[in-house]
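Here is a short briefing on one protein model. Keep the sequence and the 3D view open while reading.

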Amino acid sequence: MIKINDRYEFPLQLDLDRENGKYLSPDADRTVRNLYTLHSVLVHSGGVHGGHYYAFIRPTLSSEWYKFDDERVTKEDMKMALEELYGGEEEHLMQANPGINNTTHFKFTKHSNAYMLVYIRESDKDKIMCQVEEKDIAEHLRERLKREQEEKEQKKKEKAEAHLYSIVKVACDEDFNWQIGKHVFFDLVDHDKVRSFRVQKLMPFNIFKEEVAKEFGIPVQFQRFWLWAKRQNHTYRPSRPLTHFEEAQTVGHVRDLCNKVQNAELKLFLELELGPDLRPITLPDRVKDDILLFFKLYDPEKEELRYVGRLFVKDVGKPIDILTKLNEMAGYAPDEDIEIYEEIKFDPSVMCEHINKMSTFKSSQLEDGDIVCFQKSLPAEVSQRLRCPNVPSFFEYRHNLQVIHFRPLDKPKEDAFCLQLSKLDTYDEVVERAAQQLGVDDPSKIRLTSNNSYSQQPKPHPIKYRGVDNLLDMLLHYNQTSDILYYEVLDMPLPELQGLRTLKVAFRNAANNEMDIHNIRLPKESTVSDVLDDVRMKAKLSHPEAELRLLEVFTHRIYKIFSSSEKIESINDNYWTLRAEEIPEEEKNLGPHDCLIHVYHFMNEENQNQMKIQNFGDPFLLAIHEDETLAHIKTRLQKRLLVPDEEFSKWKFASVSQGRAEYLEDSDILFARLQRSGVAWEQYLGLEHIDNTPKRSTAANQYRPPYEKAVKIYN
């Protein structure tokens, strides 16, 4: 599907009574005057895969037009509402060389144009354009408009008073329990998912604690607040508790302690202790040599991480002193052998280091807010069979997770599904996940193609079976990493297919004159003759014994006629188009007085004040005779191309060589003008006429007729 941006003009008034009302339906009321006035224009800006809609409306049918673009309404002149929306191309003047008084004309396609027109019949204008009163509006719409207006006023008020308030976000153990292992793997919490307070900056912090007590159900005397700090390694951890003096200050003052950015949020960790009955109890006093550590437990069998709590330890203490407590927190036996790691950072790379159980916390450089991860010690044979046998490998795996957009290769702009994969996943793991999603039993029937990060198109060559080590290799394009992969579901395993060569060959169907594309799949040692035999079995020929040939076509020119004995392994169809065609009878027995010439369609376009030949349409070969004039050849061409007389009379004919056209007269003998030199055709017969086909991609236009066919509508 494409969006056609061709120019289409529409009138301010539309008279359907003209020409005896031939544009009216048979059952139309012809007793009224069918004169219509343009009321509004719906506009689409963009392409077929995305864009934006807005409208131009004149509410009273006066000369005043208004543009309705989402919530923004602006007054516009009539030119913007009409002429600028006709589509087509617009011309821009650009200075080619700064400082030199010369300009260049550039034409650009308009991608904002009319999508739908609304006309009102003049005789019904008063009935349709009547005055609307509030009682005429449905009640649910009145309520919605009122609610939207109130919300708008509230937001306006909040924006005006924003400098008077601070946002305070409070995280606690409950948030760590809920988020770690589900939404968060590195650090402790996503602050966008914790409870938030909007409070005046001048509010005393002790009063704010009462607000927290109401929200959390934790009396003020059982609360202790810690400031969060962003470390140099980009992690975010609780750094120190607030002092009694600081809690006696205002909320704004406390916010300024940790963040000097204007209107920045204040982030706090709420420390609290629960007794056996899960009720808050008095917090223990914290002394100078205490270190607050947070603990995560990793299960390598399930690849699961969860928060298990926090402890105060002495800086001169050792991990071995708390092993029993950690096993209790994990639900392990008291003497379970465990490994302990410090989670240090994850951006731009993961750093998670083993902790010596016999070293002091101080010598291991542990401090307030640090995170310790631990797991059961595993035998070597168990570690070898697990994807992530320890905490560092698990973090590395999670760090490399990425959402990959899978798109069908034949629909490269449309996501079919998305999978969260690790860049460390192997080729087999990636295709297996894709096969599961697609319901394909054999993953080897999935063929993937990487994305070109610059053009956002599939790369020309698919990924070979196990041709890359991991997902990262599939996503890399020079120094860019993509998040898109294209897929095909094959009818045979990819290793088997790679022993074959697949070529896309175009052939004009003899039954309907439409160009069909055939996928020809043959062993790599096959020849062009084998390709043509395959085409013969698949295509609609004019007669069973038709003789075929294979051509190489690029930019609407024929560059090569393949020998039937040429090996297909050397043929490149990624950039050049392969075209098979029937050899006309007149070309089969060319004599010394006959010649086979190239015939191309072209237009002369002005480029930087010079005329440049631009080819288009379907190029072809033509046999001519030694004494044949242009007038005779023109008759044959018109019959071959089925061009109407009126259209054909406007065509010009030229001998074209090296980008220059020499126009021909009907009496000219072409045999002498177009001669073969060496192995390449240096001259061709050019057919100059307007290209009326819609502007599409080169591939889409390659085999379109060189003139616009009539549109036939059947009831």
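Leu202 is exposed, with a relative accessible area of 71%. The model is predicted. In this predicted model, Leu202 sits in the loop that runs between β10 (195–200) and α6 (205–216).

- The C-alpha atom of Leu202 is separated by 6.2 Å from that of Gly252. Along the chain, Leu202 and Gly252 are 50 residues apart.
- Met611 belongs to strand β34 (residues 610–625). Met611 counts as exposed because its relative accessibility is 54%, and the cut-off is over 50%.
- Met611 and Gly659 are 48 residues apart along the chain. Their C-alpha atoms are separated by 9.5 Å.

**Aromatic rings**
- The structure holds 27 aromatic pairs.
- One of them joins Phe186 and Phe346. The ring centres are 4.9 Å apart and the planes meet at 20°, so this pair is stacked. The cut-off for stacking is under 30 degrees.
- Phe186 and Phe346 are 160 residues apart, so the pair links distant parts of the chain. Phe186 is in the loop between α5 (173–179) and β10. Phe346 is in the loop between β18 (338–345) and β19 (351–354).
- Phe346 is partly exposed, with a relative accessible area of 22%.
- One aromatic cluster is formed by Phe176, Trp228, Tyr236, Phe269, Phe294 and Tyr307.

**Cysteines**
- How many disulfides does the structure hold? The count is 0.
- A disulfide is a covalent bond between the sulfur atoms of two cysteines.
- For Cys373, the closest cysteine sulfur is in Cys352, at 5.5 Å.
- Cys373 is buried, with a relative accessible area of 0%. Cys130, in contrast, is partly exposed, at 46%.

- An open sheet of 5 strands runs in the order β22-β21-β27-β23-β24. The pairing is mixed.
- Which strands are at the edges? They are β22 (417–422) and β24 (457–458), and each pairs on one side only.
- Helix α12 (residues 427–438) packs on this sheet. The helix touches β21 (401–408), β22, β23 and β27. The direction of α12 makes about 155° with that of β22.
- Strands β23 (residues 446–452) and β27 (residues 484–489) pair in the antiparallel sense. Their pairing extends over 5 bridges.
- Leu448 stands opposite Tyr487, a residue of β27.

**A buried arginine**
- Arg636 lies in helix α17 (residues 630–641).
- Why does Arg636 count as buried? Its relative accessible area is 19%, and buried means under 20%.
- What does the side chain of Arg636 reach? It reaches the backbone oxygen of Ala623, at 2.7 Å.
- Leaving aside residues up to four places away in sequence, Arg636 touches Glu586, Leu622, Ala623, Ile624 and Glu628.

Key:
Residues numbered from 1 in each chain as written. Predicted model: local features only at pLDDT ≥ 70, side-chain atom pairs only at ≥ 80, totals over all residues. Heavy atoms only, no water. Disulfide = S-S within 2.5 Å. Buried < 20%, exposed > 50% of the residue type's maximum accessible area, 1.4 Å probe, protein only. Pairing = 2+ DSSP bridges. Helix = DSSP H or I, 4+ residues; strand = E, 2+ residues; numbered from the N terminus. Contact = heavy atoms within 4.5 Å. Axes fitted to C-alpha atoms, helices over the stretch in contact; angles between N-to-C directions. Polar contact = N/O pair within 3.5 Å; in protein donor to acceptor, adjacent residues only side chain to side chain. Phe/Tyr/Trp six-rings, centres within 6.5 Å; stacked < 30°, edge-to-face > 60°.
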